[in-house]
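Hi,

Here is the structure I promised to pass on.

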Amino acid sequence: MRKIFVAGNWKMNMTKAEAAALVDGLAKTLGSSLPVEVAVCPPFVYLDTVADHIKGTAMKLGAQNCYFETKGAFTGEVSPQMLLDVGCTFVIIGHSERRHTIGKGECDGMINKKVHAALKAGLKPILAIGEKLEQRDGNQMEAILTQQLKDGLAGLTAEQMATITVAYEPVWAIGTGRNATPQQAQDAHVHIRKVLAEMFGQAVAANTTIQYGGSMNAANAAELMAQKDVDGGLIGGASLKIDDFTKIVQAAVKAKGL
Ligand code: PGA
């Protein structure tokens, strides 16, 4: 059975004290063992602090990005090895804000290099993919997802793919308060699994965890998680509040009968 996985993407939010208080609070509400995987992804500068605070809890640590080189003259970048060194298990790669909002944007080629580098270092990548509104309106959703998967996961073995999580995050739903309907999420996830089956075989596709992300919150998590191919969530805004994130994790546990 594939793993159900809820991750909080804190983006560029929180102070150090708030970051510590958030995970301390979550440690209490979530308890020390969970039937689903839960990770928090703070900004780089708080990884170390958060790593200390989540020791002995059910939470794992993830980063929001990494570079594809091990070390060297890459001002401002952070290597996968550094992330491992401070206790990360996961790294989000290809988030839509990195693809479309920041600087000139990351292309699929760079994202693919990052996926390979993260795997080589021993991190588990969460590959984020998703179409823009005009692409959905132009009936290109499936084509975009296919291309982002083919390019982002190029050159991986089936064995490597077994450690990767895919996050379906329609760009029009991120931070907008407008989530995909449960059926839209399910349809996109079925398509993603179909492409993964073509690339890596049926067994790998069936075992790949596909998170939904985009305005998932305490109110809509239950119906999204109830979809057969929605295996968890990548949560932005709602991951910054103890109560909301806890409810989303609980909704995942309940929806999957765990
Ligand atoms: P959101 O962000 O939940 O605030 O829409 C999700 C994400 O970008 O991962």
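A quick word on terms before the notes: I call a residue buried when its relative accessible area is under 20%, exposed when it is over 50%, and partly exposed in between (1.4 Å probe, protein chains only). Please keep in mind that this is a predicted model, in which local features need pLDDT of at least 70 and side-chain atom pairs count only at pLDDT 80 or more, while totals for chains, interfaces and linings use all residues. Residues are numbered from 1 along each chain as its sequence is written, and side-chain values use heavy atoms, with hydrogens and water left out.

**Salt bridges**

By salt bridge I mean a side-chain nitrogen of Lys or Arg within 4 Å of a carboxyl oxygen of Asp or Glu. The structure has 14 of them. One of these joins Asp-231 to Arg-2, at 2.8 Å from N to O. Asp-231 sits in the loop between α11 (221-225) and β8 (232-235) and Arg-2 in the segment before β1 (5-9), so this pair ties together parts that are 229 residues apart in sequence. (Helices, H or I with at least four residues, and strands, E with at least two, are DSSP runs numbered from the N terminus.) Both Asp-231 and Arg-2 are buried.

Lys-11 and Glu-97 make another salt bridge, with their closest N and O atoms 2.8 Å apart. That one also links distant parts of the chain: Lys-11 is in the loop between β1 and α1 (16-30), and Glu-97 is in helix α4 (residues 96-101), 86 residues away. Glu-97 counts as partly exposed, with 23% relative accessibility.

Then there is Arg-136 with Glu-131, again a salt bridge at 2.8 Å, N to O. Arg-136 is buried at a relative accessible area of 17%, and Glu-131 is buried at 0%. There is a network too: Arg-2, Arg-193, Asp-229 and Asp-231 are joined by salt bridges that share partners.

**The barrel**

Eight strands close into a barrel, in the order β1-β2-β3-β4-β5-β6-β7-β8, with parallel pairing. Two strands pair if DSSP finds at least two bridges between them. On average, neighbouring strands of this sheet are turned by 25 degrees against each other, direction ignored.

β1 and β2 run parallel and are joined by five bridges, with Phe-5 opposite Glu-37 in β2. Which way do the residues of β2 point? Glu-37, Ala-39 and Cys-41 go one way and Val-38 and Val-40 the other, and all are buried. Five of the five residues of β2 are buried, so the strand is largely enclosed by the rest of the structure.

Further along, β5 (residues 124-129) and β6 (residues 165-168) pair in the parallel sense over four bridges. Ala-128 has Ala-167 in β6 as its bridge partner.

**Two helices together**

Helix α5 (residues 108-121) packs with helix α7 (residues 141-152) at about 45 degrees, their axes 8 Å apart. Axes here are lines fitted to C-alpha atoms, for helices over the stretch in contact, and angles run from 0 to 180 degrees between N-to-C directions. In contact (heavy atoms within 4.5 Å) are Asp-108, Asn-112 and Val-115 of α5 with Gln-147, Gln-148, Asp-151 and Gly-152 of α7.

Happy to go through any of this with you.
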